[in-house]
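Hi,

Here is the structure I promised to pass on to you. Have a look at it first, and then read on for my notes.

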Amino acid sequence: MASDKDEINERLIDYFRPRLRALIEVQQVLDHLYFIADDQKQRIRQKDTRDGNPAAVDLLIDSVIKKPHDPGWFTAFVDALEHSGFKYAADYMQINLTDPKVEEENDNSVKLIQLLYPTLVDMKTEDVCLHCVSQGLVTEDDADVITAVTTTGGRRSGARELLRRIVRGQPGWFSKFLDVLRETDHEALFQELTGTSADGDEQGSHDKPSVKDEPAKIGTATKEGPVETESCEIHQLKEKNTIEDPQNEYADLYKGANTNSHELSDSLQPSQPDGTPSAADNGPEKDNVVLRDYQMEVAKPALEGKNIIICLPTGSGKTRVAVYITQKHLDGRRAARQSGKVVVLVNKIPLVEQHYSSEFLPFLRPTYKVERVSGDSQLKISFTEIVKKNDVIICTAQILQNFLERSNEGEDEGINLSDLTLIIIDECHHTQKGEVYNHIMMRYLKQKHRDIKLKKEQKPTLPLPQILGLTASLGVGSATKMEKAEEHILRICANLDTSKIMTSSLGRLKKEPRKMVETIEDREEDPFGDVIMKIMNYIHVHAGLSPTCDLGSQNYEQWVVHKECKAAVDEDQTVRVCAEHLRRYNEGLILSNTIRMQDSFNFLNKYHEEEIKRKTTPDEEQIIKITDTERFLFNLFKDNKEELKTLAEQPKYENDSLSKLRTTILHEFSTRETARGIVFTKTRLSAIALSQWIQQNSKFSDIGVKPSYITGGGDQSVVKPMTAAEQKDVLNKFSKGEVNLLVATSVAEEGLDIPACNFVIQYGRVTNEISMIQAEGRGRAEDSSYTIIEIKNSGVTEKNCVNEYRKNMMYKAIDKIRALNQDVYDKRIREFQFQAVMEEKVRNKKKKHKDMKTENPAEVKFRCRDCSKEVCSGEDIEIIANMHRVNLTPQFSELFIRRENTTLLERFLDYETNGYIACKDCGLRWGSMMLYRGIECPCLHVKNFVVILNEKKLTKCTKWSELPVKFSAFDYAEHASQLTQSSDDENT
């Protein structure tokens, strides 16, 4: 009959699940449960930290009622409830049910605590807690937790924890709590709870809310009592409504539904992994923003209208704080009958949509109008109108800068800083020299200093917006000493005109990952690498080159790039072409130490196929010249190709880094109930190759690894960039669990909303302390790990040690700055601001001189970088939209061949690119073929030419902006007329 008794007990526990969810704390109960395995206990604890106590209680109950059962499991569960201080919950398990009237009065007392919560949290927590222990309202374990919370989060946080635990006690707790308030001199709080005035008599004050200290019981039972009760008794209890489902009546208290009080919601509402309440609980429109204590603390100066930087770890809810500040800012402006205009600036296009759809829009509409504009949005054309018609605008910083510049030039459709009332700058550590954030803030500082001067002259000034900066790490720049670290951070503060840096230790909410560094062993044999180095040494001899550093290193790449540039200027085509091939072989060596030898071979093979391909014309009617050096290089690879291919297919020669990565990933997925992680790698090529390697390895799929990669959107790499839509699609799959392992470049480090991970792997990639903090912050889940895997010649172990030192130096520098006397701080900020403004003036003066473009176009000549053939002069070049340099002369059209390249098809408002042009003699790519408003325009890329100015070859000219020549503007009407005339002549 044991099975029947077990079934009744299971049903009883499940039936009272809502009450248990409201009455117990899993962390305390787990310490007294022997029949739940340690690994399952750990999962429940993680659930509590990640999703909150109610969700953890559900998992605990599932574990308790899960079959098969140990003998005496139900008695053990009831004992655990009693010993952990939850006697009221134990009474429910034994059907020692309180009289319905007493229960109703108890529930009303809970609701009264909820109603007066904002006032109650101002109590003297330490004194009240001590008396509550003596009265039996909380246990010693409860008191330890309350004390810890008070120490880390402050008195109000401790009061919140105390109240949460008191209301879970047996009926009778309320009158005892009133006594405690009086004993601890909280007369005002006592009067609030009892509804009496200061001169009301004491007895009357107790009459209204008191409950019986010894509640009546209906029915009796032993700890195994429910086993001896017929199952129909539970149904009878249901029918008589003796037991009420507390989900609704306790919702406000235990789930924080009352969003009018941030303190109440903060304490009792389930939260996201970052510590902020979920934004996706009730559809697209949300209630008022709810902040936790530490978030409210860092927001306070901004709510008073001050300029501040909020520096909190990744995943701690900085954006949610910004939404709250935005809401209060607009509410205050509206209440004062003033217009409010908030601009949220980001430095990456995907962040625009992320902040719009996940944070600002859900919380601010329908009260306020929210819109987003980015570089790939058509709305950027009408940005001025967007600003006028909306209250909150989320955009990339460059768009605002462009329209501020338009206003500065006197154009009607420009934007002024005085049009805005609050600017929020995401990832504000980028507010430094050369960054677009800094260009915007320099305008701000100049206007601020003009206003100071105008105020002294008693002239009207222009209003400036409030500034709010958000970052996870301010960094220390190039500092090696504390003094320079402080200076770096103060300069950022000065650039942002901030009065304070607001930060928080977060206490127990801060999730520090376990950090590990995996060192590697050198290969005992590396025949694949030996063949590549043998090829490179043959090329060194052919070109007469003597490298000064190790092959397969970053230093070698820098050396060979320098040799290529010098050879191009010297028109030494042998060295130039050899240097190009050496650079690819060096990259192949690096790849063989990072990913599979097969991937390295494929990279080298594809490069040589492309090089050979560019030596033929599309119609194969013309043979492009192949020099003796090129023929030597092609044959050298051809002679060694089969050996490289054979060696690449032998796993025993693979690098140790890949082996360590395999072991680490398998360990993470095999030891966690639900694993979700990111592998950071250096290049797009390695990200794609690693993702493919994981997909093709059955060991990974057998344990449920579902990988994908995410890379950047720029075009600096030979690998095709990802579009914003492709990035979003991968991140959506990651958030839904369709992908549980991301292989990413640096694009995933900063800003992008990536769901909580429980492991992060830095695969041979460590940059600076800011990147390290950003990457560590991606491991937001409890018990997360952060692993660095070494790669040959990467130096990541040493860099990691340096970054740890710099990170600690940054935290100490921030603490020292926060401890400065405000007058001293303000003085230093003013000094740095004046210095920044003066440096900006000097830079602008130099730039203005540089932009004068005084050189005559006739004095500049262009030669093919590969074969040194003369191509054209500056007189032949015209400029479209102050950006694209094109050559439509008939003579130029005879010098190039056209190749289609559909993978790089780009379409814009007035033009599109759908192919490229290459030298007819050597096949070197010169630029792209652009279709501009119906006219085909060969567009030149200056990096593919040797530039000669005034008979002197320029050693460095990779951007058109570096050339001091003003080209003629493109005459569309003239070219269109010529094309029309030519077409008419052909028709006749």
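In what order do the six strands of the open sheet run, and is their pairing parallel or antiparallel? The order is 10-15-14-11-13-12, and the pairing is parallel. Please keep in mind as you read that this is a predicted model.

The edges of that sheet are strand 10 (514-518) and strand 12 (707-710), each of which pairs on one side only. On average, neighbouring strands are turned by 20 degrees against each other, direction ignored. To look at one pair in detail, go to strand 14 (residues 759-763) and strand 15 (residues 785-789), which are joined in the parallel sense by five bridges. Phe759 has Ser785 of strand 15 as its bridge partner.

Two helices lie across the sheet's strands. Helix 32 (residues 656-671) lies across strands 10, 11 (677-680), 13 (741-744), 14 and 15, and runs at about 175 degrees to strand 14. Helix 33 (residues 684-696) lies across strands 12, 13 and 14, at about 175 degrees to strand 12.

Now to the cores. The largest nonpolar core has 54 residues, and Leu661 and Ile665 have the most contacts inside it. Helix 29 (residues 573-592) gives the most to this core, namely eight residues. Beyond its neighbours within four places in sequence, Leu661 is in contact with Val679, Leu690, Trp693, Ile761, Tyr763 and Ile789. There is also a second, separate core of 51 residues, with Cys493, Ala494, Ile814 and Tyr825 among them.

Helix 27 (residues 527-543) is worth a look too. Its 17 residues reach 24 Å from the first C-alpha to the last, close to the 24 Å expected at 1.5 Å a residue. Its buried residues are Pro527, Phe528, Gly529, Val531, Ile532, Ile535, Met536, Ile539, His540 and Ala543. Among the elements that cover these buried residues are helix 28 (554-570), helix 29, helix 30 (597-613) and helix 31 (628-648). Just after helix 27 comes Gly544, with a positive phi of about 70 degrees.

Ser873 counts as buried because its relative accessibility is 9%, and the cut-off for buried is under 20%. Leaving out residues up to four places away in sequence, Ser873 touches Pro857, Val860, Lys861 and Phe862.

Happy browsing, and do write back with any questions.

Best wishes

Note on methods:
Residues are numbered from 1 along each chain as its sequence is written. This is a predicted model: local features need pLDDT of at least 70, side-chain atom pairs count only at pLDDT 80 or more; totals for chains, interfaces and linings use all residues. Side-chain values use heavy atoms; hydrogens and water are left out. Two strands pair if DSSP finds at least two bridges between them. Helices (H or I, at least four residues) and strands (E, at least two) are DSSP runs, numbered from the N terminus. Axes are lines fitted to C-alpha atoms, for helices over the stretch in contact, and angles run from 0 to 180 degrees between N-to-C directions. Contact means heavy atoms within 4.5 Å. A nonpolar core is a set of buried Ala, Val, Leu, Ile, Met, Phe, Trp, Tyr and Cys residues joined through side-chain atoms within 4.5 Å. Buried means under 20% relative accessible area, exposed over 50%, partly exposed in between (1.4 Å probe, protein chains only). The expected span of a helix is 1.5 Å times one less than its number of residues.
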